[in-house]
Amino acid sequence: MEATEKKNACNSSEFRRSELSDTELEIVGQPYSISVLKVGYCLSQQDGSFRADGTISLLTGPRTILVDTGGPWDRDFLVKRLKDKRLDPGDISLVVGTHGHSDHVGNLGLFPAATIVVGCDISEGDRYLPNQLAEGQPYPIDEHVSIVPTPGHTGRDVSLLVKGTTMGTVLVAGDLFERCTDDDSWRELSENPAVQEVSRQEALRTSDVIIPGHGLPFRVHREEADGRSG
């Protein structure tokens with residue numbers, strides 16, 4: 001394990017997690033690669049308020065997919081970051097809003113031609129597509145990418161599961177996880193902590209890397225957690 005990961009290791013009852021560095025925001029894969037365009041944050045203020053913005057992630061491959069769009073204040077930033085990737089908003093074929101909070105879906109208006117997912121709603125323009133996300137069933141995009149229900153933070157949260165990267169299976173998780181070291185805080189922000197705990201444990205069981213809603217991506221170490229390997 002790299003030194004940056006050792007320094008930022010964080011533990012849970014069953015799984016050990018280690019935060020990636022801010023130089024590890026490009027995850028290469030076949031056929032999909034993932035770029036974290038913006039690392040989200042949540043910062044408490046002295047007056048009792050907090051400042052927050054959601055992580056924005058881009059998948060490139062057979063389809064060009066954006067997961068969360070940041071807040072409305074990110075509009076110019078997002079257009080520039082897409083341009084850095086030689087993309088225009090019209091090149092995005094699918095936008096997944098992990099849930100309906102303003103710091104995650106504030107720029108949906110940039111993508112009128114894309115298929116739009118917000119929680120368990122999937123639409124193409126004004127046409128809403130049938131799905132069973134609200135009943136707990138995944139919605140496959142292709143054999144490598146699927147939208148999976150991860151409720152708890154809100155009742156209709158979803159995440160994007162990506163297979164075939166050099167780091168293994170990656171879950172772009174929205175606010176299912178606030179950040180790597182969130183065990184002391186996520187319940188305060190959860191509409192249903194019991195349901196979210198189930199979703200979190202399933203994510204830790206099935207993902208090698210998790211991209212949280214308000215922090216750097218982190219690795220999940222399942223074997224190390226039960227003492228079988230170092």
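## Hairpins, sheet and pockets

I116 has S123 as its bridge partner in strand 11. This is a predicted model, where local features need pLDDT of at least 70, side-chain atom pairs count only at pLDDT 80 or more, and totals for chains, interfaces and linings use all residues. Residues are numbered from 1 along each chain as its sequence is written, and side-chain values use heavy atoms, with hydrogens and water left out.

Back to that bridge. Strands here are DSSP runs of E with at least two residues, helices are runs of H or I with at least four residues, and both are numbered from the N terminus. Two strands count as paired if DSSP finds at least two bridges between them. Strand 10 (residues 115-118) runs antiparallel to strand 11 (residues 121-124), with 4 bridges. Strand 11 in turn pairs with strand 12 (residues 127-128), again in the antiparallel sense, over 2 bridges.

| Hairpin | Residues between the strands | Turn residue with positive phi |
|---|---|---|
| Strand 10 and strand 11 | 2 residues | G119, about 60° |
| Strand 11 and strand 12 | 2 residues | G125, about 60° |

Most residues other than glycine have a negative phi, and most peptide bonds are trans. The bond from Q30 to P31, though, is cis, with omega near 10°, and P31 is found in the loop between strand 3 and strand 4. D68, which isn't a glycine, has a positive phi near 65°; this residue belongs to the loop between strand 8 and helix 2.

On to the pockets. A pocket is an open set of points on a 1 Å grid over the protein atoms alone, where a 1.4 Å probe fits, with protein on both sides within 12 Å along at least five of seven lines; lining residues have an atom within 4 Å of a point. Volume is the space filled by probe spheres set on the points, which are joined across faces, edges and corners.

The largest pocket comes out at about 280 Å³. It has 15 lining residues, and V148, P149, T150, E202 and T206 are the closest to its centre. Strand 14 (145-149) and helix 4 (193-206) are the elements that give two or more residues to this lining, with helix 4 supplying the largest share, 6 residues. By class, the lining has 8 nonpolar, 6 polar and 1 charged residues. Nonpolar covers Ala, Val, Leu, Ile, Met, Phe, Trp, Tyr, Cys and Pro; charged covers Asp, Glu, Lys and Arg; the others, Gly among them, count as polar.

The second largest pocket has a volume of about 170 Å³. Its lining includes C42, L43, S44, E178 and R179. Strand 5 (residues 41-44) gives the largest share, 3 residues.
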